[in-house]
2 protein chains.
Amino acid sequence: MLPGPTNVPERVTRAMYVPMINHRSDDFVELYEPCVEKTKQVFRTEGDAVCLSASGTGAVEASVVNLVKKGDKVIIPVNGEFSGRLAQMIEWAGGQAVRVTTEPGVNATLDQVREAFDNNPDVKAFYCVWNETSTGTMLNYLDRIKDLTSRNDSFYVVDGVSIVGGETLEMDKWGVDVAMTGAQKAFAAPPGISPICVGARAKKYMIDNPPSTMYFNLPRYFKYYEESKHTPFTPSLPLLYAYNEAMDIILEEGLDNRIRRHRTCSAALYSGLSAIGLTPFAREDSRSTVVIALNYLPGLEDRTFRNTLSGKFRVLIAGGFGHLKGKVFRVGCMGEVGRYHVMRTISAISSTLALMGYDTDPQAGLKAAEQRLSDL
Amino acid sequence: MLPGPTNVPERVTRAMYVPMINHRSDDFVELYEPCVEKTKQVFRTEGDAVCLSASGTGAVEASVVNLVKKGDKVIIPVNGEFSGRLAQMIEWAGGQAVRVTTEPGVNATLDQVREAFDNNPDVKAFYCVWNETSTGTMLNYLDRIKDLTSRNDSFYVVDGVSIVGGETLEMDKWGVDVAMTGAQKAFAAPPGISPICVGARAKKYMIDNPPSTMYFNLPRYFKYYEESKHTPFTPSLPLLYAYNEAMDIILEEGLDNRIRRHRTCSAALYSGLSAIGLTPFAREDSRSTVVIALNYLPGLEDRTFRNTLSGKFRVLIAGGFGHLKGKVFRVGCMGEVGRYHVMRTISAISSTLALMGYDTDPQAGLKAAEQRLSDL
């Protein structure tokens with residue numbers, strides 16, 4: 001129940017068990033072209049998709065170094081570790097990050113974002129971390145940013161690393177120019193492949209203004225794909241086999257069904273864990289449907305709690321990140337998560353709390369969750 | 001018989017067939033620490049090792065962005081695709097590349113390199129591509145560069161992407177500050193992990209002068225490893241399992257035995273393929289022991305030749321790279337290659353040539369190879 005890497009279905013793991021192929025051959029085209037096409041389906045875009053052999057951070061950095069030039073003004077909401085990092089990358093690229101800062105656990109409102117656009121009519125791009133994995137918050141107005149970026153045709157970039165495939169993204173319809181994720185989150189594939197999608201307008205800009213970087217040089221990836229459906233550098237072949245299989249599973253379930261399952265399971269986790277006495281870290285209007293961050297009860301020590309939970313009940317969750325270490329713990333609700341995972345997690349957490357001397361009502365937790373799960 | 005990705009032993013492929021783990025856990029430390037320690041053994045260094053989740057190009061770029069600053073003078077021999085790319089990366093980082101250019105297939109001599117040092121007493125670093133995979137050349141004086149870099153304590157960086165593990169590298173003894181490779185070459189692991197080793201002096205410099213990059217930010221990797229033996233970003237976990245197993249195989253065989261095997265097999269390939277009428281592309285004093293590039297015979301068409309070879313005899317070799325496309329073909333002699341691979345490759349190539357109407361003497365090729373293989 002980690003917020004990534006998530007459980008990988010056996011079918012996906014097994015897909016890696018193949019002899020090595022030549023990445024400059026038709027064997028590779030047969031593998032990579034479907035990866036690209038399925039990625040575009042999931043991102044709902046007619047644009048280009050590149051499956052980078054890197055972690056999600058690599059794909060996020062690619063979005064920055066290919067688009068942000070010296071002196072460019074970039075508006076970015078910041079309220080946690082990952083949005084802070086993204087703002088840092090924008091500055092490293094020579095950009096001027098216009099931060100819309102809110103406290104951790106609380107999202108910038110759309111009005112605050114609009115105000116930043118009002119004050120910066122010369123903005124070059126809007127970047128946002130859709131799901132702030134470090135605090136369990138999620139922006140819920142991605143479909144309304146286009147009105148702002150269309151004022152001066154600024155670029156719109158969505159870091160969807162921990163959420164694409166678990167929540168609705170309509171890249172083309174919402175006017176998103178660039179978006180990316182990591183395979184080890186809601187796609188339930190192993191880590192190491194991070195797809196990045198690029199719309200036609202951003203693609204043209206990148207080709208006309210190529211970046212001073214090699215490994216994350218997207219124009220180079222576009223060129224190789226157009227010429228031969230290859231990648232410019234040797235890709236992580238076993239992970240592409242796994243990714244391809246994971247995308248099949250997503251499309252077999254149906255993307256909308258998958259998203260409904262994620263929403264239902266997180267609603268059940270919020271209800272159930274609240275009913276046993278825990279409180280979510282994020283404010284209600286900012287809460288994520290794929291990462292649930294919860295405050296530690298007074299006196300509840302991070303390591304002891306998580307070690308008991310994993311040692312006695314084999315349920316793995318994550319601690320806090322950065323300065324929230326020891327203050328919150330985080331439950332992932334991504335990928336393969338279903339009724340069984342929700343019930344078992346609530347049961348294991350309440351049992352662990354009971355073992356550690358806390359007064360909890362497991363029945364209330366399980367009942368509250370079950371009510372929500374009736375939608376599944 | 002590709003110059004990467006090379007054949008992966010079944011034991012290594014099987015190592016990926018494990019359930020997903022948490023990369024912020026003791027499970028990860030148990031996996032990653034041995035990867036790091038074995039890497040240091042193979043590079044023969046007491047310095048730091050970082051196993052990057054990226055292709056070899058990623059590790060090469062990491063060596064540049066962490067060391068080369070605006071205005072830095074860098075001496076680099078250039079005679080092929082990969083050394084050209086490296087010089088480009090040095091310039092993108094703001095460095096001034098002092099190219100020692102020779103024609104493809106011919107190495108810069110040590111005297112030419114010395115002259116560059118004589119003319120540039122303010123040089124900041126010497127970078128070299130040890131094995132130029134695009135042309136089948138290999139530098140053979142890496143042990144004598146220290147005399148030059150020690151003049152003003154400039155850094156010494158070896159791009160060993162296609163050769164480490166197949167030829168002798170004495171990183172500490174030879175005064176190499178930074179070296180890297182890709183797992184899919186002589187290590188016979190799948191592509192996607194690229195180890196980079198950094199000596200104490202370069203490490204200190206990198207920490208004191210951190211780069212403006214996230215994914216390839218080596219000081220960040222050093223810090224995470226020192227604090228928790230973790231990596232800053234989610235690593236390609238299945239590939240680390242494979243890498244760890246591949247390193248075990250190397251150490252079981254013994255690094256020196258492995259290198260001897262590579263040398264013997266390439267000597268046999270050069271002898272055997274020459275005996276059937278082919279000529280190596282690289283000049284004799286510059287030839288690589290891990291990639292054998294051969295000139296196409298007049299009228300021999302690249303695609304037809306390689307398709308016949310792979311279609312009828314299931315032997316996969318590579319075509320030419322960049323402007324050598326159609327002019328040369330390349331046989332890898334890396335990783336698992338042994339007596340069987342050498343004999344079968346010579347037999348398949350001479351049979352393909354015969355099928356295509358060329359007059360060859362297969363017996364002469366096999367005999368010449370066998371003579372060399374008696375060392376094994």
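Predicted model: local features only at pLDDT ≥ 70, side-chain atom pairs only at ≥ 80, totals over all residues.
**Exercise 1. State how confident the predictor is in chain A and in the model overall.**

Solution. Start with the chain: chain A averages a pLDDT of 97, and 100% of its residues score at least 70. Then take the scores for the model, which are ipTM 0.97 and pTM 0.97.

**Exercise 2. Compare the span of helix 9 of chain A with the expected value, and describe the residue just after the helix.**

Solution. Helix 9 of chain A runs over residues 237–253, a total of 17 residues. From its first C-alpha to its last it reaches 25 Å. At 1.5 Å a residue, 24 Å is expected, and the span is close to that. Just after the helix, G254(A) takes a positive phi of about 95°.

**Exercise 3. Find which residues of helix 9 of chain A are buried and what covers them.**

Solution. First apply the cut-off: a residue is buried if 20 or more other C-beta atoms lie within 10 Å of its own. The residues of helix 9 that pass are L237(A), P238(A), L239(A), L240(A), Y241(A), A242(A), Y243(A), N244(A), A246(A), M247(A) and I250(A). Next look at the cover. From chain A it includes helix 1 (10–14), helix 2 (26–43), strand 1 (48–53), strand 9 (193–198) and helix 10 (255–275). The cover also includes helix 9 (237–253) of chain B.

**Exercise 4. Describe the side of chain B that touches chain A.**

Solution. Count first: 40 residues of chain B are in contact with 40 residues of chain A. The elements giving two or more residues to this side of chain B are helix 3 (56–65), helix 4 (81–92) and helix 9. Helix 3 of chain B gives the most, with four residues. By class, this side has 20 nonpolar, 17 polar and three charged residues.

**Exercise 5. Work out how the two copies are related.**

Solution. Chain B superposes on chain A by a rotation of 180° with 0.0 Å of shift along the axis, at an RMSD of 0.0 Å. This is therefore the relation of a two-fold axis. Among the residues of chain B, A54(B) comes closest to the rotation axis, its C-alpha lying at 2.8 Å. Finally, the copies meet through the same surface, because 100% of the interface residues of chain B are also interface residues in chain A.

Technical notes:
Residues numbered from 1 in each chain as written. Chains lettered and ligands numbered in written order. Expected span 1.5 Å × (residues − 1). Buried ≥ 20, exposed ≤ 12 C-beta atoms within 10 Å, placed from the backbone. Contact = placed C-beta atoms within 7 Å. Nonpolar A, V, L, I, M, F, W, Y, C, P; charged D, E, K, R; others polar. pLDDT = per-residue confidence, 0-100. Least-squares fit on C-alpha atoms with pLDDT ≥ 70 in both.
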